[in-house]
Amino acid sequence: MIRKLLAALFALTSLWLIPAHADQITDSARIVWRDYIVDGVPSSGAWNPRKGDIRTWGALVGSSVTALQAAQTGAALAFDTKASLDASLAYPANTQSFVYADATSSNNGIYAKVGASGSGSWTKLSALVYGPTPSFALGTVTIAACNTSPAASLGGTALSPLLNLSFPACTYSGEILVPTPTNVTRGGVYSTATTSNQILTGVLDSGAFVTAPLGTGVAAALEQVKNSSEGFVTGSHASDPSNILYSAPGSGSVVTTLANILRETIYVDMKGAYGDGVSYDDAAFQSAANSLGGCGAVKLGRGKRYHLAGGWKIPDCVWFEGDLQFPMMPKGQIPSTDYTTEGAILLDASSNGIIRGPASGIAHTIILRYGISIPSPDASAFAGAATTCATTGTRTRDSGLRYVMVLGFQYGNYCGAPGEDAQINEHVYGDALNGLYLAGDNWDTSLWSDVRWWPYATVAYEGVATTSASGDGTTVTVTFSGGATIPVGALVQINGVTPTGYNGGHTVTASSAGSVSFASTTTGAQTVAGKIINRNAQLGRAGVGFYAGAQSDNLHMVDLYAGGFTDANFRLSGSGNVLGDNWWSDALGPFAAQIGVDFEGAVGRITLGSVHTEAGFIPIKFGNANIYSNVNISNLFTSAPYSSGYCMHIGGSGVNQIALWQATDCKFYAAIIGTTTAYMRIGSSIMNFIGSSTSNPYIAAAVPGVTADQFVFDKEPMTDNVAGASLFGVNAIDLPMIASAAAIAPPIGSNEFNVSGSTIISTITGTWGGRHLTLRMTGSAALVSGGNLVLQRGMNFSGGAGRFISFEYDGPNGQWIEMSRSPLGISALGRDAPGLLTPTSCGTSPSAFGTVNTGAFTTGSTSVTACTIPFGAAYLVWSTCVITPANAAASLASVSASGAPFVDPGATAGITIHIPGGVTSGQWSIRCDGW
């Protein structure tokens with residue numbers, strides 16, 4: 001809007017007086033065809049002649065030529081009235097004459113004599129170019145500075161009419177715009193003369209009488225000039241912009257002055273910028289920015305290409321703004337415009353680029369490295385920085401880029417010194433070796449939103465011509481022009497070749513200068529040549545797409561895309577309180593060391609929504625060495641389709657969690673646990689196409705001593721692992737270990753533990769109600785009732801390698817309730833020496849036999865009230881036995897009034913059976929359980 005307003009004001013000063021004489025034709029041509037908006041002032045911008053002025057000037061020239069041709073056939077005469085002309089017939093035929101001041105305007109014009117001298121008449125050829133005397137309806141206008149209205153009157157002659165304006169008690173310098181004269185057609189010429197202090201001249205144009213200044217001390221007034229979409233201007237548009245008033249369209253608008261508008265907005269062209277893409281415009285940019293004297297915008301001309309050396313700082317609170325309107329800028333993978341023809345800043349490669357100060361930045365334009373060709377065959381020419389952050393003073397708080405395309409640099413934006421908060425980068429698209437790079441500390445509260453780093457500068461590269469292609473059904477060899485060497489492992493794209501089976505993407509298996517080979521079943525020689533593109537050179541960017549340094553807290557990072565950076569697409573190092581969503585990391589090729597998202601350094605309290613990450617090696621990495629990380633992700637997709645990498649690496653000493661995780665096409669493992677102090681908790685998960693076969697373990701450890709509680713699944717993962725295959729493997733990933741003791745306290749980080757040692761356990765520290773706990777024995781440790789353990793049927797639990805017992809905690813009562821245990825593997829009667837089980841103190845000639853944990857015994861012939869039977873092999877801890885009558889005597893003893901037989905519990909070497917009423921030759925079956 002401001003550009004249009006200024007253009008309109010400059011246009012007002014360009015209106016010119018149609019000349020009446022030959023020298024005036026030259027003067028008017030100089031005005032119509034001048035070089036600059038303000039004649040002789042290059043900084044005012046290039047002047048584009050108006051078609052209406054050109055047509056009017058051409059009509060003047062044509063009329064003058066017509067009159068001249070007519071005059072060449074006879075004498076040229078002039079009469080003030082038509083009656084005087086008609087009374088003068090003493091002229092030969094074809095004599096030319098003018099009538100210039102007849103009261104009847106239609107009588108004025110150019111005439112030719114018809115007939116011989118002394119007879120005939122005058123015939124009108126054309127009207128005079130000067131037209132009739134104007135009649136002005138001045139209306140009410142007010143001088144902005146004087147608050148007074150002019151009085152107007154007409155004077156002079158028809159040939160030289162005068163417009164007289166008088167202004168009481170006011171002297172004012174400037175141009176005049178007065179209401180449209182009445183009864184006058186467009187194009188009439190008017191010349192005003194001096195009256196009191198007025199020196200005025202002008203031409204009727206666009207429905208208004210506009211004057212250009214011919215001297216100083218001109219008292220003037222501006223009629224309201226209206227534009228329905230841009231508001232309107234009143235006041236003088238001469239040298240003092242404080243007297244030009246502007247009101248925005250619509251109700252409630254506040255009137256301001258052009259001075260206020262110019263104080264906040266200025267065009268670099270006003271300061272002499274060339275915008276030709278060759279000449280340096282740094283001085284004009286700096287002059288324009290400094291002239292604001294404070295906050296405001298410096299505007300770039302539409303379609304102009306400004307060449308800058310860079311290395312200078314944008315003043316505080318100043319933005320350079322082009323007019324590139326989105327969404328014409330690309331948001332996908334295909335460029336939607338020719339960047340070499342759009343308006344842009346063409347910046348020399350330097351380490352500083354354009355330096356941003358506090359609250360300053362660049363918007364709505366393209367920043368191209370000067371001299372780079374687009375599309376480029378690769379990124380080898382990328383150099384310098386597009387923008388950097390100031391390193392002294394108040395530095396760069398609240399500065400950034402908005403709606404900007406950045407192409408061809410080593411750094412799209414580099415900030416190396418300790419920061420000062422709030423880097424704002426929104427709607428930024430580009431192609432650089434490094435994208436947004438905050439290398440220094442303390443870039444707190446920065447915002448990155450809708451930023452995409454993708455190889456825009458190279459995607460249209462067509463490659464070089466193939467010279468031959470041949471295949472044997474297994475391997476294809478292609479030669480090409482230029483003699484370049486494409487490395488083994490690179491991804492090449494072949495287009496347009498016949499046979500067509502050679503076309504498409506291929507991974508190079510062998511190469512030499514000007515030749516590559518790759519696997520293919522296509523056969524035959526090339527009959528039609530095509531193009532070959534080295535996709536690695538075209539796509540690879542040896543840097544980082546998004547980098548945030550140490551202590552950069554409270555970052556807001558949403559809608560971010562990075563593809564093809566061979567170091568890492570995303571890297572956070574020492575950042576905390578990061579809130580992000582919709583991160584997309586794209587591999588774009590088999591880059592062997594590439595990391596998708598790298599949480600490097602001590603990163604904490606990072607909360608992300610959706611993260612989609614692919615990489616040539618590791619799609620996502622948590623922590624490094626002994627560095628702490630605390631990352632929470634709602635939805636994570638990982639894939640490593642190009643190399644023998646793995647989808648996730650967990651290192652350092654952090655605690656991380658993912659609600660939903662899908663790992664697919666991971667060439668080695670789904671996840672690697674790199675330290676014994678790193679933890680990951682997964683909610684729901686899907687893992688498929690992992691490793692070389694579905695019998696591969698999906699979660700592996702990089703070092704010994706890693707335990708399964710470091711990688712916990714809340715829900716059983718969905719996998720394509722074959723039945724019987726292990727989810728965990730490599731370096732014997734196992735349960736965490738606790739040592740047996742009378743009282744143990746299992747850590748709360750896991751609910752399943754190995755228990756070592758042989759100490760009997762009677763107490764387990766309580767935690768929360770409903771907690772489930774499983775203990776798996778690696779030694780002979782046992783658990784016994786008592787303490788806060790409630791064991792099934794009161795039976796103690798004996799240890800042994802691989803045996804387990806499970807509990808649930810009864811919080812209100814402070815007890816661990818046994819839920820299940822391993823099947824009993826029990827030392828039993830007669831296990832080692834069944835024949836040696838001879839009862840003692842059991843009457844005359846008792847007998848007993850048993851195998852495993854069942855058997856039978858018979859008391860002696862005398863009345864027996866007690867019987868002791870030793871075990872063939874002792875139980876380790878405890879036993880319990882049940883006896884059942886097996887003959888009539890035993891049945892009678894069982895119902896004796898003196899009491900039923902019973903067994904002393906708990907013995908390990910044998911049992912004692914009590915028969916209160918006594919019995920002779922009673923037989924019982926026996927079953928013992930023990931540990």
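Student: Which residues is Trp661 in contact with, leaving aside its neighbours within four places in sequence?
Tutor: Its partners are Leu636, Thr638, Met648, Ala670, Ala671, Ile682, Ser684, Ser685, Ile686, Met687, Phe711 and Phe713. Contact means heavy atoms within 4.5 Å.

Student: What should I know about the model itself?
Tutor: This is a predicted model: local features need pLDDT of at least 70, side-chain atom pairs count only at pLDDT 80 or more, and totals for chains, interfaces and linings use all residues. Residues are numbered from 1 along each chain as its sequence is written, and side-chain values use heavy atoms, leaving out hydrogens and water.

Student: How many residues has the largest nonpolar core?
Tutor: It has 82 residues. Trp661 is among those with the most contacts inside it, as are Trp583 and Phe622. Such a core is a set of buried Ala, Val, Leu, Ile, Met, Phe, Trp, Tyr and Cys residues joined through side-chain atoms within 4.5 Å. Buried means under 20% relative accessible area, exposed over 50%, partly exposed in between (1.4 Å probe, protein chains only).

Student: Is Lys82 buried or exposed?
Tutor: Lys82 is buried, because its relative accessible area is 18%. Lys82 touches Val99, Asp102, Asn107 and Tyr111, not counting residues up to four places away in sequence.

Student: New topic. Which residues does a cis peptide bond join?
Tutor: Thr498 and Pro499, with omega about 10°.

Student: And what about Ser845: buried or exposed?
Tutor: Ser845 is exposed, at 64% relative accessible area. Its phi is positive, about 55°, although Ser845 is not a glycine.
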